[in-house]
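Hi,

Here is the structure we talked about handing over. Please have a look at it, then read my notes below.

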Amino acid sequence: MKFVHFDKSIKKLDYVHLSKYFFAFSIALMVIGVVFLSVFGLNYSVDFQSGSNVDINITKPMTKDEITPILEKLDIAHGTTINEGEQRISIRFNEVLSEDQDSVLKQEISKLDPNAAFEINTVDTDMARELAHNAIKSVLFACLGIIIYVSIRFEWRFAVAAVASLLHDAILVIAVFSIFQLEVDLTFIVAVLTIIGYSINDTIVIFDRIRENMRFAKLKTDEDLKELVDHSIAQTIMRSLYTALTVFIAAFFLFLLGGESIKMFSLAMSIGLLFGAYSSIFIASPLWYLLKIGKKKKPAKAA
């Protein structure tokens, strides 16, 4: 059997040895995130809770101070969020507007800007609940599909490590949105699924290199396997970082320069890409190593 002589010129960290610190750091972040999520919850947009969202395309400058008195006159200012833009204003109501309120709101806004165009979206309670359930199902089905594919393509330990890494990324992104009470809408779910796709791609690249190196290496001890995992990560780390950095730059500038409708999507992507690159390198492969040596340490069954 051919043995792979590791190239000593490749500088690498002892990723497996340092994994206990990475695991402790990630667990601490997830615990903090879960606590905030339990206490404060998520700031759901109108997509996930009953209410009305009014988008107004304006042709004249209009400020929040000009709109607030109109809402107070209609007795609907409580629980209302106003987002200002250069040519667009979005007003979110926590309650569904009646036809009379719609009519009066349009009349009052038209006094400020006769050429204003309105778009009113309403979500009832049942529809909001169904959207939330479908969003959770989509993430669970994605993880299930990844488990099945990776188990067939590689082995079940790779699948468990990959899904644990993906859930780590999703939980941390959700935690950040909970801590800072950022708005969660349908584009946020799209961002989480996209993050899962990028993260599993980076993880599979490292796993494939581990499997390839295992084909030719003579592994006699756990230390040999540890060295192989560290070397495999070192061989692929720059590729993973370059890929994540390229997409991160695009997503970050979309957040800075893009429209209001994609800001939360771009922000979730930027955060998720950082967590995804981190988990692919420092969480998934060391976790597979622990699962692999854990099998070896189980006592043999009596004949």
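A pocket, on a 1 Å grid over the protein atoms alone, is an open set of points with protein on both sides within 12 Å along at least five of seven lines; lining residues have an atom within 4 Å of a point. Grid points are joined across faces, edges and corners, and a volume is the space filled by probe spheres set on the points.

This is a predicted model: local features need pLDDT of at least 70, side-chain atom pairs count only at pLDDT 80 or more, and totals for chains, interfaces and linings use all residues. Residues are numbered from 1 along each chain as its sequence is written, and side-chain values use heavy atoms, with hydrogens and water left out.

Back to that second largest pocket. Its lining has 16 residues, and L42, I136, V139, I174 and I189 are the closest to its centre. Helix 4 (125-153), helix 5 (156-179) and helix 6 each give two or more residues to this lining. Helix 4 has the largest share, 5 residues. Helices (H or I, at least four residues) and strands (E, at least two) are DSSP runs, numbered from the N terminus. The classes: Ala, Val, Leu, Ile, Met, Phe, Trp, Tyr, Cys and Pro count as nonpolar, Asp, Glu, Lys and Arg as charged, and the others, Gly among them, as polar.

The largest pocket has a volume of about 670 Å³. It is lined by 21 residues, with N83, S90, E183, D185 and E260 the closest to its centre. Strand 2, strand 3, strand 4 and helix 8 each give two or more residues to the lining. Strand 4 gives the most, 4 residues. This lining divides into 3 nonpolar, 9 polar and 9 charged residues.

**The cavity**

A cavity is a set of grid points where a 1.4 Å probe fits but cannot get out. The count is 1 cavity of 30 Å³ or more. The largest cavity holds about 60 Å³. Its lining consists of I195, Y198, S199, D202, T243, A244, G272, L273, G276 and A277. By class, the cavity lining has 5 nonpolar, 4 polar and 1 charged.

**The sheet and its helices**

An open sheet is formed by 4 strands in the order 3-4-2-5, with antiparallel pairing. Two strands pair if DSSP finds at least two bridges between them. Strand 3 (80-84) and strand 5 (117-123) are the edges, each pairing on one side only. Neighbouring strands are turned by 15 degrees against each other on average, direction ignored.

Strand 2 (residues 51-57) pairs with strand 4 (residues 88-93) over 6 bridges. N57 has R88 of strand 4 as its bridge partner.

Helix 2 (residues 64-73) lies across strand 3 and strand 4, at about 155 degrees to strand 3. Helix 3 (residues 99-112) packs on the sheet, touching strand 2, strand 4 and strand 5, and its direction makes about 155 degrees with that of strand 5. Contact means heavy atoms within 4.5 Å. Axes are lines fitted to C-alpha atoms, for helices over the stretch in contact, and angles run from 0 to 180 degrees between N-to-C directions.

**Overall**

The protein has 8 helices and 6 strands. Along the sequence the pattern is α-β-β-α-β-β-α-β-α-α-β-α-α-α. The C-alpha atoms fill a box of roughly 85 × 45 × 30 Å, taken along the principal axes.

Best wishes
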